[in-house]
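This report goes through a few local features of one model. Please look over the sequence and the structure before reading on.

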Amino acid sequence: MKIIIIDDDHLVSASLKVILEMSKEVTVVGTGYDGEEAVKLYQKYHPDIVLIDIQMKGIDGIEAAKQILKNDEKAKILFLTTFSDDEYIVKALQIGVKGYLLKQDYESILPALKAVESGQTVFGDEIMTKLPTLMGEKREFDYISYDITEKEMSIIKLVAEGESNKEIAEELYLSEGTVRNYLSEILNKLELRDRTQLAVFYYKNRS
């Protein structure tokens with residue numbers, strides 16, 4: 001897979017490049033050190049994934065992600081940061097990035113990249129434990145009025161828990177293709193763009 005790495009710490013960028021390319025599964029086509037470079041590098045290379053920090057001088061990672069997704073809503077962006085601030089996590093979820101990892105867990109980066117490439121969303125364990133609280137508690141959403149079936153509801157819950165299509169298929173005794181079809185239909189019914197927005201929607205609207 002082709003990726004770009006954006007981090008204002010040059011040593012971090014260089015180290016990540018070396019570590020990830022050792023796997024032979026990743027090619028780092030560009031590195032940058034702020035959000036402006038992230039946008040330019042994405043436009044130049046159209047990588048499979050953008051691996052980007054959040055806090056940087058000038059345009060930060062959040063704003064860069066917004067600009068990239070505005071120009072290409074299918075862009076896959078994975079935040080890698082030392083900050084687990086609630087505000088950052090909520091913003092990341094709202095704009096539709098594919099994952100949020102903490103730098104402390106270097107061993108999780110390559111598996112996370114593979115998961116994102118395959119269409120999954122990835123959030124570190126610490127982030128996942130915060131999601132229910134961050135999304136708030138509201139009255140239960142009336143899924144029935146949107147023609148959401150019991151099976152589709154099961155899939156929504158499993159997506160919100162971070163499970164992949166393969167894991168959902170195994171748990172519900174379905175094929176991956178069937179799960180993909182269900183997920184596409186769910187997104188259409190709820191007028192959502194992707195599984196990240198679906199997870200956010202679920203946590204915001206559950207009782």
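Is Glu176 buried, partly exposed or exposed? Glu176 is partly exposed, because its relative accessible area is 37% (buried means under 20%, exposed over 50%, and partly exposed in between, with a 1.4 Å probe and protein chains only).

## Basis of the values

The model is predicted: local features need pLDDT of at least 70, side-chain atom pairs count only at pLDDT 80 or more, and totals for chains, interfaces and linings use all residues. Residues are numbered from 1 along each chain as its sequence is written, and side-chain values use heavy atoms, with hydrogens and water left out.

## The negative patch

Glu176 is found in helix H9 (residues 176-190); helices (H or I, at least four residues) and strands (E, at least two) are DSSP runs numbered from the N terminus. Together with Glu161, Glu167, Glu170 and Glu171, Glu176 forms a negative surface patch. Helix H8 (residues 165-172) gives the largest share of this patch, three residues.

Patch residues have over 30% relative accessible area and no salt bridge, and like charges are joined within 9 Å. A salt bridge is a side-chain nitrogen of Lys or Arg within 4 Å of a carboxyl oxygen of Asp or Glu. Asp and Glu count as negative, and the charge of Glu is placed at CD.

## Aromatic pairs

Three aromatic pairs are found in a search of the whole structure. Rings of Phe, Tyr and Trp (its six-membered ring) pair if their centres lie within 6.5 Å; planes under 30 degrees apart count as stacked, over 60 as edge-to-face and the rest as tilted. Phe79 and Tyr100 make an edge-to-face pair, at 6.2 Å centre to centre and 70 degrees between the planes. Phe79 lies in strand S4 (residues 77-81) and Tyr100 in strand S5 (residues 99-102), so their pair ties together parts 21 residues apart in sequence. Both Phe79 and Tyr100 are buried.

Tyr202 and Tyr203 also form an edge-to-face pair, because their ring centres are 5.4 Å apart and their planes are at 65 degrees. Tyr202 is buried at 13% relative accessible area, and Tyr203 is buried at 7%.

In helix H7 (residues 150-160), the buried residues are Glu152, Met153, Ile155, Ile156, Leu158, Val159 and Ala160. Gly162, with a positive phi near 90 degrees, follows H7.

Asp147 is not a glycine, yet has a positive phi of about 60 degrees. Asp147 is found in the loop between helix H6 (125-134) and H7, and is exposed at 52%. Glu191, also not a glycine, has a positive phi of about 55 degrees. Glu191 is found in the loop between H9 and helix H10 (195-205), and is exposed at 73%.

Methods: Patches are made of residues with over 30% relative accessible area and no salt bridge: like charges are joined within 9 Å, nonpolar side chains (Val, Leu, Ile, Met, Phe, Trp, Tyr) within 5 Å. Accessible areas come from the Shrake-Rupley method with a 1.4 Å probe; for residues, only the protein chains shown count as cover.
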